[in-house]
Amino acid sequence: EQGKGIDTLDSYVPHVVGGVKYTAGWGGISGVVAYNSVWEEWAGKVRLDVKATDQIELWVMGGWGSDDNVSNNFYKLWDGNWAVWGGGTYKFNEKTSFNVQASYDEGKTFGLAANVAHQLVPGFTITAEVDYYNVSESDWHAVDEDGIGGILRFQRDF
């Protein structure tokens, strides 16, 4: 990858990203690792997906990355060295599901998102979501206050 902004390549060494994934009837496990050649930093994530029942799917993901030369590299967009994410989906029926996700990192940044997605007709889904963000003690965040927000998404798949 070439990167962008201050992460645009500055030598003959490219950014490198690689991943693996295994899926089965119970769920799956995947991992990805990336190297930012501009700052000589790396980051990686591992994710576990579990189909608990026909209605419930759960997942958890952990990330780790270096920050010796820059606090926030192109591939590690969390505060500190580590971050963890988790969430799940509850399917009410074929057309409607409830989704929730939480995140936390070493810099004490916390995020929470919840939504309800409904497939109105095949290929057209409406999603209503509410999000909460708790600002960490870090200096690099673009925002300096906790926040709450929401979206209403209309998605057409072809």
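1. A word on terms before we start: strands here are DSSP runs of E, at least two residues each, numbered from the N terminus. Please also keep in mind that this is a predicted model.

2. Strand β2 covers residues 27-36 and runs antiparallel to β1, with 9 bridges joining the two. Within this pairing, V20 stands opposite G31 in β2.

3. Next, the largest pocket, which holds about 320 Å³ of space. Its lining counts 22 residues, and the closest to the centre are L77, W78, W85, S103 and D105. Strands β5 (82-91), β6 (96-105), β7 (110-121) and β8 (124-134) each supply at least two residues of this lining. By class, the lining has 13 nonpolar, 5 polar and 4 charged residues.

4. The second largest pocket has a volume of about 280 Å³. Here 18 residues form the lining, and S97, N99, A117, T125 and T127 lie nearest the centre. At least two lining residues come from each of β5, β6, β7, β8 and β9, and β7 gives the largest share, 4 residues. The class make-up of this lining is 2 nonpolar, 11 polar and 5 charged residues.

5. Aromatic rings deserve a visit too: the whole structure has 5 aromatic pairs. One of them joins W82 and Y104, whose ring centres are 6.1 Å apart and whose planes meet at 45°, so the pair is tilted. Because W82 lies in strand β5 and Y104 in strand β6, this pair ties together parts that are 22 residues apart in sequence. How accessible are these two partners? W82 is partly exposed at 31% relative accessibility, and Y104 is partly exposed at 34%.

6. Another pair to find is Y90 with F92. Which kind of pair do their rings make? The centres are 5.1 Å apart and the planes stand at 80°, so this pair is edge-to-face, because planes over 60 degrees apart count that way. Y90 has a relative accessible area of 30% and is partly exposed; F92, at 46% relative accessibility, also counts as partly exposed.

Notes:
Residues numbered from 1 in each chain as written. Predicted model: local features only at pLDDT ≥ 70, side-chain atom pairs only at ≥ 80, totals over all residues. Heavy atoms only, no water. Pairing = 2+ DSSP bridges. 1 Å grid on protein atoms, 1.4 Å probe; cavity = no way out; pocket = protein on both sides within 12 Å on 5 of 7 lines; lining within 4 Å. Points joined across faces, edges and corners; volume = space filled by probe spheres on them. Nonpolar A, V, L, I, M, F, W, Y, C, P; charged D, E, K, R; others polar. Phe/Tyr/Trp six-rings, centres within 6.5 Å; stacked < 30°, edge-to-face > 60°. Buried < 20%, exposed > 50% of the residue type's maximum accessible area, 1.4 Å probe, protein only.
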